[in-house]
Structure formats: structure tokens, C-alpha cells
Amino acid sequence: MKFQIEDVTVYFPYDNIYPEQYSYMVELKRALDAKGHCLLEMPTGTGKTIALLSLITSYSLSKPQRQVKLIYCTRTVHEMEKTLAELKLLHNYQIKHLGPAAGILAIGLSSRKNLCVNPTVLAAENRDSVDAACRKLTASWVRALAAENPNVPTCEFFENYERAASAAVLPPGVYTLQDLRAYGREKGWCPYFLARHMVQFANVVVYSYQYLLDPKVAGIISKEMQKESVVVFDEAHNIDNVCIEALSVSVRSKTLDGASRNLSRINQEIERFKATDAGRLRAEYNRLVEGLAQRGNLAATDTWLANPALPDDILKEAVPGNIRRAEHFLHVLRRLVQYLRGRLDTENVEKESPISFVASLNTHAGIDQKTLKFCYDRLHSLMLTLEITDTDEFLHIQTICDFATLVGTYSRGFSIIIEPFDERMPHIPDPVLQLSCHDASLAIKPVFDRFQSVVITSGTLSPIDLYPRLLNFHPVVSRSFTMSLTRDCICPMVLTRGSDQLPVSTKFDMRSDPGVARNYGKLLVEMVSVVPDGIVCFFVSYSYMDGIINSWNETGVLKEIMQHKLVFIETQDVVETTLALDNYRRACDCGRGAVFFSVARGKVAEGIDFDRHYGRLVIMFGIPFQYTLSKILIARLEYLRDTFQIKEGDFLTFDALRQAAQCVGRVIRSKADYGMMIFADKRYSRHDKRSKLPGWILSHLRDANLNLSTDMALHIAREFLRKMAQPYDKTGTGGRKTLLSQEDLEKMAENGVQEMLF
Amino acid sequence: MSTAEKRQSNGEAEEDDDDDDGDGHGLDAWERTYTDERSWEALQEDESGLLRPIDNKIIHHAQYRRRLRSLSTTAARIQKGLIRFLYIVVDLSRAASEMDFRPSRMVVIVKHVEAFVREFFDRNPLSQIGLVTIKDGVAHSLTELGGSPESHIKALMGKMECSGDSSLQNALNLVQGYLDQIPSYGHREVLILCSALSTCDPGDIMETIKQCKKSKIRCSVIGLSAEMFICKHLCQETGGIYSVAMDEVHFKELMLEHAPPPPAIAEFAIANLIKMGFPQRVAEGSISICSCHKEAKVGDGYICPRCKARVCELPTECRVCGLTLVSSPHLARSYHHLFPIVPFDEVSPRQNVLHHRPPKTCFGCQQSLLNPGNKPSLCVACPKCKQYFCIDCDIIYMRACITAQAVTALDIHSQSPLMKNEEYCCRLLCFPAAIRL
């Protein structure tokens, strides 16, 4: 269908549109017009992605003088593929209606692991080894060597790509990762380098958050993007954590051991080069005198990781004299590693600011701040000079240099925390030195500064006013949309009491109460007998889950559950969890029914959908607060209070509730779906907690369902499931119009947009 | 003890009521407190916080219209499977003892199976039924395919106990084994009454479903508690209907929906000729040994025209020569399924307002067509004479007309002299006729 939003003609690939999609587009368009950032919350299953894509592509079609480039960031490769598939549909539709003039180039970009087509490289198991294997075949010096000696293996795909040179371009179209691989195979060109090259010319680029937020990667990939781009962060409810993680480093004694090994290896290499090719080292020295800014001249294959600190700060200055020579730099690194080892060898927990850390480093090891700042680039340059290709072996020393550069660059928003053992296991010494970033706005600031419009969107962004404060920006539009439904297909409930009327909670003082565990067990036992197919349970932490499952096992609750459904448990092992999920799905498919025990903030809670019969009910046992005694969290809370005036309690509740919302939101992925959500904790009934849930859940949370006991919840569940099993009209009956056709929209445009349904 | 009995008898009384007005709304609130102790569940809070009785009427009406619509879309002279071989699978697993249906799911199921079996033979005199139960994860054949309602009901009444898990696969395997031997003109159907929410299967149920599809067995499921994916999948694959009962009344309706013959899917049904015999009644007072019970009986029987064996009931298959024995009224009764009556058109409230001022009252019962609050409610119009009716009247006419097949088979509009008077709706005219029959 085709319709007007103010002065933009929107091409939408479906015949009908949801009203909330329409309002979403209107808001988005205004943000684009205002050239500002925006924050939009819309429930999952309402077609956020297609609304976004079709508006932005239509916007640039309608205004050819303002070419908008779309940079779409997703969290996982799977989401990336889904987005590109939607875009393909949209693109075909636009081509059909507008002819080839509407042609765009859209590509997905991912790591070598997902894009490589060379079978020998792909044989490596993880991402780092694939990268290293690729570099072994494509580094400039390897290729130079191969030119002389045909026995040196190279990658034929890359060679072909290089030979084609400027002729190696993608024709317009939408390319998923799979399409890219297929195209690469067909032409014999390396898809990874082709995609990286085409990123500059593409109208739409879909890639992972890290490519924009992690300065190490952003420097290489996203350098060339023009200002007129629209950046979209999808599923961005955790964006502050991603930002923080991008700038945090932790060093363990294992890292230090590895770093020492790496250093001696580098030393050998230097000796070898001195004996054979001293000219190279001298050339490097000269280059460093002129400054690192020339890095751009290096071949594309030789860059691998850029500076972890923000660009521009460093590139303009020359490398300090004391680390220009390879041996001297090596000495500095040795002293640094030695110093860190000394710091790790402590009995007490220590907390320090970067300034005092640098000062003490200066007095004890004689390394000043400026030297630290350049560590990362210097290492990079050295490894290039030494022609080291197996970079996956050198991850440890890279971590150390990463740490050094961050400490040297930032004085605010960070703290260094040394813990001699894990709080939960005080007997096992496991010293760790963490440089933790507290300020999410640091990593995302360059993105806000550089790009004209940044769109942050997700199914759960409530409370929506907190995000601008956390990320320190001023959105021109921030809106939360609700879902228009033909029937009440979600049924949230707050369960405060067990069947014996005793309150249930995972509060610290009630946690170990056997009565609570018994009541939780009773709830699940009752629920498995009335809910068909799949049930998902979320616990607040792994340790709590282990404890409660143990006690259920002892009291026979688990056995009772098994009479109705099979039980699967998420563990910290990824392979095990994948297997469990696989079997869980099979059990749901074949009608046996299954329960999945999972942990809020775990892998499953973030990335796996439990839609349709895979999740008819989700039970959130307790409120998933962060571990409040964690030193890092305390430091971050202090920083937030001092800098952004966010109260500790507010932040903790906000964070816990968004996790809870994220967990329960897993069950509903489309309007035709239905599911129940049980918040099993008495604290959810309190207004300050409840009000932080997203609007689309709150609007279905009836007052009557706020203070339930197990038997009442059971009754509601029975009724709800019976009601939902009845056939229903998809278009909606009576006055509740939930699907708009083209005529409806035209009528609405005549009557003025004020009369919209929201 | 006595309370249980009372409940039982109350349940039956309720059922009698249902026969009268079809929807079970005939019970007053005070009566309901006796049939069901949980009277508070019949209340719900509305937007303004007031307590109101749950208004299931709208849901029921919507469902009724939907059903009608689905029927009318297929109404265009389709082939119907009149000779049906139906297995009813009754799930007597642990879940059947749950008390959410009063007095228990099992009792309710058995009661309605009984009603269904009678209704079924009434509508499909040429068809046969067999009963299978699932208990302790194993499927048992209770009765073999046969045409006598009494024997089925008796067998089921004797097996009223439940335990263990349910196994859909075992039941399907068993039924498939029986139905595979049915000649090609017969329609193979399974109706599963499923109260369990999980199924413990020995193997891959998907494979079994595929086989059922291959043997052209139409599987339908009526659930008693919630929608299960595997049941839905089974019905989708084999072309059956999946439904879930909201309450006892709804359950009964859903059961009875399976009584009229389903449309024959072209590839499933191969039309061919069947040899049938029309037996004569045994002379009054003569004594002969009947072939079905193997005992001597006086009078009251039929004699197979081919082998002269005596059978007690019709329709059946002759035990001796295997001839299908029917009587001509049986054939006639099956006949009306082939010519369904045309349903009333639905008039949506909006359309109602747009076109012309609609009449304020139902043409049939003279009740107001407006909901409380002056909102127009759903109503229907006769496609021929354009009179408006309320849904309740529509339901009654629809039922009456099906019973009064002889009348509807005639095209009243062209033939009846009474129709000159345009005061009456065409459907209304046949209504008294139906009552007379």
C-alpha cells in the first residue's frame, strides 16, 4: 500500500497497516525532519522493523536532495538476517511500483566467521582463529612472499577480489549474509572484503552494535560514514550496558601469564629481524617519528583493531620518544605487566580512580600517562612490522595494551577495582583487576555527535525518560506506543501469595525461607497441570536457581512436575544450553510439554524467543535485581548519583524491571500469539516497581490481578487459556479497528491526524 | 454422597433446559448457585468497576455466526460423505478426573458422548461408530465399528474410571489399524475428546500423523482445557476441526457439530456404487435365531433379502453375507445434508447505519434490536425478503428448518400461494410447518 505522511509518500509492502505502526512512522518522520535523535518504544510483534525500514527508505525516495543513509544496528546475526529479509520484501515492492529508480544497495556486514567462503579458513572454530587464519593468507607481506614463491598459500577469493580492483562492486539490491556469500562464490571474490568496501556506497547497512560503539572496531569500519546518516539501534534496551562493556577491561593472572609469553615471543622476533632485516625496524622508527596519522596508508587487510580510545585524540600527536624503538617499548610493557602482577597480588579489595592509578604506576614503574595512551597503537604498529599473522595468539598482550590506553586516556567515568577473590567463593583465590567504565555516554557520544539522527528503539524502554539521562543526549521525540489488539492476548498477573496465603518474594531476608521455595514449587506444579505445551521460568540468578531446584528435588516437587512436563535447565555452558533448548522445542512440538528453567540476564533471556506454543506461560520468580554488593555496581551507582543525579534505588529498580519485562516479553512475538505472564513476587504489586513496566504490559494488567494467590492465578489461567483457544477474527470487530487499509488512512488524512487512535 | 447425587441430577436438569433454549441462559442466578458453588466466577468487573455477570452471549453469538459462515462458504452443492466410519477416542487419563467440569470431566464427557451417539445415528443412519479409550498410556478398543447406539453407550458406561497418562500416538495407531480395512466409499474419521494437556508417546508422533493423512483419516479433536499444539497440527494436517470447550454447554455444541456429515474432500472420496439390501420386517410372533445376538427371539426383527438371516436392528451389515442393510427412511434422512438451506445475511451495525434506517425490532420476536445504550447489535436479514431478525430467532429458525427438511426442499417463494402476502418472511412460513412436523 502507498500513503502520505505529510510530504513523504510511504511505500509499505503489505495491504494493511497497524495503527501503531502508522503513528510510529509519523513520529519517526518528525524526528528526521528535525534532524534530531529520537527514542521510540513499541511492543514486539507490531512490526517495528518494517515500519522503520519503509519510512526511512521512502523518506530518501521522496526527498532526493536529502539522501539519507541508513545504518541499522542489531544485536545478533539472526536479527540481522531477519531485518535484511524484511528489507528485501520492501525493496521488491518499491521496485515494482517505482521502477528501477527505487533501486538501493543494502548489505549486511558481519565478521569473517559469518562471511568467509574459503573452506580452509572456515575450518577454524572461533571468531578470533578465523580472523587469524584469514590474515595468514591475505596479509600484505604474505602476498608479497607468495608472488615470489608460489608454494606460499594465499586465498584465491581475496586474490581475485584484488585483481578485479575497482571493478569489484555489488550491483544494487538487497544482500543478506547468505546472498553475499553466494555472490562471492559465484564471482570468486572475497565477500568479506567486498562487503567492507561496499559499506561506503550502500544506502542501507545492517551490522552489529559493536561496529559503531566499540571504538576499536568503529575506527575501521564506520570511519567513512557521512553525517547525513540515520543510525538505528534496534532492541536497544540494553544499550547502556553494551556501551559500558565496550570500554571495560578485566585483567586476570592468566592474562598476565599469557602477556609475558607474548612478550618473549615478540622479543625473539625482534632479535630475528635485527639479524636479518634491520632496515624494517628502522623504517618503522621513522614512521613513528612522523606520527601515527599515516596509518591510513596501510593496506586494508593489515588493519585489524583500531585504538580502543576515541579517535582523533591520539592520531594528531606523535608517538613519545621512549617507546619508538621496539626494544624500549618492550621494556615498558614488561614493566607494566610486572606492576600489574604486583597489584593483583593483594589481600584486600582495592578501588582506585584512574588518576591515582596512573600516578602510582609512574612512581613504581616509571611509565607516564602519555606513554600509556599510545600503548595500543604502538603494539599494533610493532606487530605489523614484525609480520605477525597469528594474532589470535596475542590476545593477552592486546588486552594489556587496551587497558593501558584506556587508563591513560580517561580520567573520569572509570574506576579500577582489584578483587583478590570472587565474593561468592572467598576460599578460591581468583584475583582480577577490572577497569570498569561507569558512563555509558562516553562510548555513544561520538555516535550522537557524528550522525544527524540516531533512533533508539525497542520493545521495552520504560521508563522512557531515564535513557536520555543515562546516555546523556537530548531526543527531539520520545514516545511509547501501545499495541492495538483484537483480543486481550496477554494476561499479566502479579502473584503475591502462595496457596497458604504466605507472601512470596526473593527478597534477601526471605530468600532462604523454605516456605517461599515450597510456595514457588506449588505454583509451578499447579501451573504445569493447566498450561499446555511450553512454560518458561526465569530465576533471578544461577545460584538461586541451583538452590531452589535442589530443594524442589528433595521435596519431590520436581518429580510432580515431571509427571506433566519434561524439565530443561539453562546452564552457563552454551553448548549444553543449546542442546537443552533444542530438546525443549521438540518436547513442545510433539505434545509432551516442557518447562524451561532459565535465568534473567542470561543468554536465553536476551536472545531466544519463546513464541507460540513454545511459551504459553512465563513465570518470573522474584525481581532480578543486580548483585548489589558487587564493587563495580556500587562504583557505578555512585558515579550515576554524582554525575547524572540518578538515585541508586531508581536505577536498580529500573534495571531490574527492564530485565523482568524483557524476560516476560519473550512469550509474545506477534498479535496472533497469546501468552500469560506471572510476576511471582509480592514487591511487584507496589506501585513504584509496577509502574516501571512497559505500557503495553501495564495496560493489560488489571487491578484485579495485582494481588493474587496461587489458586486464584490458577483459575484465571484456566479461563484465559480456554478463551484464547477459541477462533477469532483477525481484523477486529466493532469499533476497535486494528488493521488499517489504504482507504482508512486516506480518510484519516482528510480528517486530520489529530483524530488518530492514540 | 447425597450432594453428589444432587449435583448429578442438577446437571441433567440443566441439560434438559439446554434442549429448550439452546444456550443455557435459562437458568436464573439463584438457580445457578445450586448447580455450581462458584457463583462468584460468573461475575466480572467492567470498566467503571461495577460487577456484572459475565456476558458470554456475545461470544456465543459470534461463534454461531462464524460457524454458519464457514458452512455457507462450502454450501455450494458439495459432495458430502454420507457413509461415515467414526471412531470416538475418549481420553480417560488422569486429567479426566479434574473437577473443573461438574462433577468431573469424565462424567461430562461420557454424558455427552451418549447424546452424541444418538444424535449421530439419527443424522447419519448409514454410518458406524467405534469407541476407543486411552488409559495409562495405552489405547483400548472398547467397541468395534457398529451401528447400534445402545451397545456403544452400554460399553462406555461400564468403563467409567480414569488413571495414568494419555497417549495420542497409541490411540491413532490403533484406530488407523482398524480404519485401514474400511472399503473406499466409507469416510474414515476420528473424533478425539482430549482432556489431557500432554501426551506420552512411545515414538515419533509426527510420523503417525503423516500415516493418518496417507490413510485419509480425518482427525478432529475437542479439547477440554486449553489449546495444544500437537492437536492443532493433527487437525490441520488431516483436515479435521480443532476446538476447545469453554464450558459444558459449549462442549455439547462442539460435539454436536460433528454430527452432520462433513464435506467430502474430492481426493478422499471416490464415488462408486454400493450394494444395499432393504430387508423386510419379520412377521409378528414368528420365532427365529437372530444373527447378531445368537439367540432365539420372537418378532421385532428384519430379514436379510439375500441370505434370509435375521437381524435385530437397522442399519447394519448382515453378519452372514455382509450386505449393507438399510431401510428407505434412512436413506431419505441422509438426503437433506446434500441440500443445505441458505443462511441469513449478516448485517453489521455500521452498514446498518449507512444504508437506510433499519427497523428497530426483530421481525420474528418483536424484541428490540438495540443493545442497552442504544448501540445497534448484530442482526441478520433474510436474503430474499430483506426482513431483519435477531440472532436468537436466527438460531431457532435454522434448527427448525433443518428438521423440516421436507418443507425447505421445496422452493416456497415460487410455489406457495401464501407467499403472495409479503407480510411474512419466507423463513417464518416454514417455521410453523416445522413445528407441525
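A salt bridge here means a side-chain nitrogen of Lys or Arg within 4 Å of a carboxyl oxygen of Asp or Glu. By that rule, the side chains of B:Glu227 and A:Arg616 form one, with 3.3 Å from N to O. This is a predicted model, so keep in mind that local features need pLDDT of at least 70, that side-chain atom pairs count only at pLDDT 80 or more, and that totals for chains, interfaces and linings use all residues. Residues are numbered from 1 along each chain as its sequence is written, chains are lettered from A and ligands numbered from 1 in the order in which they are written, and side-chain values use heavy atoms, with hydrogens and water left out.

Let's stay with the place where the two chains meet. The rule finds four salt bridges across the interface of chain A and chain B. Helices H22 (514-530), H24 (557-564), H25 and H31 (710-724) of chain A each bring at least two residues to the side of chain A that touches chain B. H31(A) gives the most to that side, with five residues.

Now for the totals. Counting contact as heavy atoms within 4.5 Å, 28 residues of chain A touch 30 residues of chain B. The size of an interface is often given as the accessible area lost when the parts come together. For chain A and chain B the buried area is about 2,300 Å², with 46% of it on carbon and sulfur atoms; that is the accessible area (1.4 Å probe) the two parts lose on being put together, summed over both.

Strand S17 (residues 566-569) and strand S18 (residues 594-599) of chain A pair in the parallel sense over four bridges, where pairing takes at least two bridges found by DSSP. The chain gets from S17(A) to S18(A) through H25 (residues 574-589) of chain A, in a right-handed β-α-β crossover. Right-handed means that, with the strands pointing away from the viewer, the path from the first strand over the helix to the second runs clockwise.

Over in chain B, three strands make an open sheet with mixed pairing, in the order S9-S16-S15. Strands S9 (276-277) and S15 (316-317) of chain B are at the edges with a single partner strand each, so one side of each has no neighbour in the sheet. S15(B) and S16 (residues 324-325) of chain B run antiparallel, joined by two bridges, and B:Glu317 sits opposite B:Thr324 in S16(B).

UniProt (unreviewed entry) labels residues 304-321 of chain B "zinc finger region: C4-type"; its positions are given in the numbering used here, feature names are shortened, and annotations may be inferred rather than shown by experiment. That span is 0% helix and 22% strand, with its end C-alpha atoms 9 Å apart. The UniProt annotation "domain: VWFA" (unreviewed entry) covers residues 83-254 of chain B, a span that is 39% helix and 25% strand.

Finally, a few backbone details. The A:Ser462 to A:Pro463 peptide bond is cis, with omega about -10°. In chain B, a cis peptide bond with omega near -10° joins B:Arg102 and B:Pro103.
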